[in-house]
Amino acid sequence: MKKILLAEDDPTMVSLLKMLLGMEGYLSVNITVENQDIIQMTRDEQPDLILMDVHLGDQNGLEVVKQLRQLSDLKNIKVIMTSGMNLRTDCQKAGADDFVLKPYMPEELLKKIRSVISV
C-alpha cells in the first residue's frame, strides 16, 4: 500500500483528502503543520509521496521541498505541491514533481498522484 504524507493546514481539506485517498487504497498520514517538522515527519513516515500546500502556516512549502531535495536520504521522495495561486513554475524550480491548482477535482488529483507514484 502506497503511503501519502499530507502537509496541509486546512483541517477540512485534510479530512476530505484522507477520505478520498482511503477510498482509492492509499494510506495517508497528515502533519499538524503548526507544530511538526515536515522534514522529520518525512524521515519517520517514509512516504511514497508528499502532497504539500505551498502556504503552511509558519512554514513555506517551497522552502521545505528545497530542503528535501538537498538531503540524500529524502531527495527521491515524490512531492506534489498545491496552491490557490498558480505557482507551478515556482514549485517546479524548487524541486516539486508536480503541481495542482486549487480548487481541483478529485479525479485530477488522483491522476497526478498515480502518474507521479508510478514513475
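## Starting at the end of a helix

Which residue caps the N-terminal end of H3? In this predicted model, the cap is Asn60: one of its side-chain oxygens sits 2.7 Å from the backbone nitrogen of Leu62.

At its start, a side-chain oxygen of Asp37 comes within 2.9 Å of the backbone nitrogen of Ile39. Past the other end, H2 is followed by Gln46, which has a positive phi, near 50 degrees.

## Helix H2 and its buried face

Take a look at H2, residues 38-45. Its buried residues are Ile38, Ile39, Met41 and Thr42. Viewed down the axis of H2, these residues fall within an arc of 165 degrees, so they line one face of the helix. They pack against strands S1, S2 (27-30), S3, S4 and S5, and against helix H3.

Is Thr42 buried or exposed? Thr42 counts as buried because its relative accessibility is 0%, and the cut-off for buried is under 20%. Setting aside residues up to four places away in sequence, Thr42 touches Leu5, Pro47, Ile50, Leu68, Leu74 and Ile77.

## Helix H3 and its partners

Now move along to H3, residues 61-70, where Gly61, Leu62, Val64, Val65 and Leu68 are buried. Seen down the axis of H3, they fall within an arc of 160 degrees, so they too line one face of their helix.

In soluble globular proteins, nonpolar side chains tend to be buried together. Here, the largest nonpolar core has 24 residues, and the members that touch the most others are Ile50, Met52, Leu68, Met81 and Cys91. Two or more residues come from each of S1 (3-7), H2, S3, H3, S6 and H4. H3 gives the largest share, four residues. Apart from this core lies another one, of 18 residues, including Ile4, Leu20, Leu110 and Ile113.

Leaving out neighbours within four places in sequence, Met52 contacts Gly61, Val64, Val65 and Leu68, along with Ala7, Ile38, Val79, Ile80, Met81 and Thr82.

Note on methods. Residues numbered from 1 in each chain as written. Predicted model: local features only at pLDDT ≥ 70, side-chain atom pairs only at ≥ 80, totals over all residues. Heavy atoms only, no water. Buried < 20%, exposed > 50% of the residue type's maximum accessible area, 1.4 Å probe, protein only. Contact = heavy atoms within 4.5 Å. Arc of directions from axis to C-beta. Polar contact = N/O pair within 3.5 Å; in protein donor to acceptor, adjacent residues only side chain to side chain. Core = buried A, V, L, I, M, F, W, Y, C linked by side-chain atoms within 4.5 Å.
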